[in-house]
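Dear colleague,

I am passing the structure below on to you, together with some notes on what was found in it. Please read them alongside the coordinates.

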Amino acid sequence: MYNAISRQVEQTVADLQKIKPELASLFKNCYSNTLDTTVERMDDGTTFVITGDIPAMWLRDSSAQIRPYIRLAREDRDLAEMIRGLIWRQARCLLMDPYANAFNREGNGHGHQQDRTEMGPWIWERKFELDSLCYPVQLLQDYYEATGDQSVFTEEVHAMLAIVVRTMQTEQYHDERSPYSFERDDIILPSDTLPFAGKGTRTNVTGMVWSGFRPSDDACQFGYLVPANMFAVVVLRHLAVFAETFFADAKLAERGRKLEAEIVFGIETYGTFQHPRYGAIYAYETDGYGNYNLMDDANVPSLLSMPYLGYCSYDDPKYLRTRQFVLSEDNPYYYKGRCTAGVGSPHTPPGYVWHIGLIMQGLTATDKQEQLDLLEQLLATTAGTGLMHESFDPNQPEQFTREWFGWANSLVGQFILQWLESGQADQEQP
């Protein structure tokens, strides 16, 4: 265990014991779970992070799993080296293939090698998800902000930033310019593959970036996944600063800022929908031809997570209207049960709520009582394991998917810390 993490766990558990003892046990079990069970330091100085019960590294999950610990990296050299090693590993992965979402520990040919796309022995899965380009840049930003460590900015990282911009620019014109296609023959669900010879449904040019798949790894119904484009806006701002400050690359910075502006235009022009009940809200997906998919999915980036990602403020009026829609039964993937109500996903059984959805609702809530209610619901739905899961039946939480899911475990630790440190816990004092 890293020293800073150990001290954080010890202090937080002591604080929670005085306020809400049952949360102390959940925090202790979950906060360090990712570090204890999913992180491997490699001989080449990089870090490989599996999702949990799948022995591959997703660019999204590995970043999200580690993000809650970055705040402690300044005071813990070993932790900082581990995170820096993950950034370098992600850079190599993106340089290997910017269209892949998950990679193997070595070139062993594991994973979905039968998919009809440009697979290779290092690639576990090659579903192009826009957020896979975003998460490594966000991790880089979080790490540098926390540590001030300039040694992380290697030429390999510079090349990663360039390929992120180049791939996004290509996928603004997916139908005309993209080399990417994806088909899977041994599908369980139709969402495991892309229609129209693997190119997906047609899209109009809007300024936004096309994505084949959602952060759930399900195929997009329409090619412009709005919350993923919101995430791209945020990371492109960081990318432009990195390009100028650490690499003296004015051209890359200019391309990044131009791309950012074009995506914002696309989101605000094509990605909004005038809902008869809620007014102007953001759609989950659109094709730029006037077709919209009105829903939200628990996986992040999501519409619910907009302020967490940094696209807007927590009190932004359009976000609040969108949030109201997401947390209602007008969202086809919002489910209610005896034990809880929350956002689920078409990726898991119908009616199942995701722990990440509940946690993200808590991380973006500004109401003290809402946060406290969500903490109670999280405590009540571990099925006696003391850990988070992927999804569960809100009437019978003992029915769940993925007993070992690192992202949800580290994220609930972040939620508990935020609740404790913001003073929200004061109302629990006797």
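**Overall picture**

Of the 430 residues in the protein chain, 62% are buried (buried means under 20% relative accessible area, exposed over 50%, and partly exposed in between, with a 1.4 Å probe and protein chains only). Please bear in mind that this is a predicted model, in which local features need pLDDT of at least 70 and side-chain atom pairs count only at pLDDT 80 or more, while totals for chains, interfaces and linings use all residues. Residues are numbered from 1 along each chain as its sequence is written, and side-chain values use heavy atoms, with hydrogens and water left out.

The protein chain contains 16 helices and 15 strands, these being DSSP runs numbered from the N terminus (helices H or I with at least four residues, strands E with at least two). Its radius of gyration is 21 Å, close to the 22 Å that the globule rule gives for 430 residues, so the chain is as compact as a globular protein of that length; the radius is taken over C-alpha atoms, and the rule is 2.2 Å times the number of residues to the power 0.38. Along the principal axes, the C-alpha atoms fill a box of roughly 65 × 55 × 40 Å. Among contacts with a separation of 6 or more, 66% come from residues 24 or more positions apart, where contact means heavy atoms within 4.5 Å.

Strand 3 is joined to strand 4 (residues 102-103) by 2 bridges, and Trp58 stands opposite Ala102 in strand 4.

**Backbone details to check**

Most residues other than glycine have a negative phi, and most peptide bonds are trans. Against that background, the peptide bond from Val300 to Pro301 is cis, with omega near 15°, and Pro301 lies in the loop between strand 10 (292-293) and helix 12 (306-309).

Phe196, in helix 9 (residues 195-198), has a positive phi of about 55° although it is not a glycine, and Phe196 is exposed, with a relative accessible area of 62%. Asp217, in the loop between helix 9 and strand 6 (224-225), also has a positive phi, near 75°, but Asp217 is buried, with a relative accessible area of 11%.

Methods:
Pairing = 2+ DSSP bridges.
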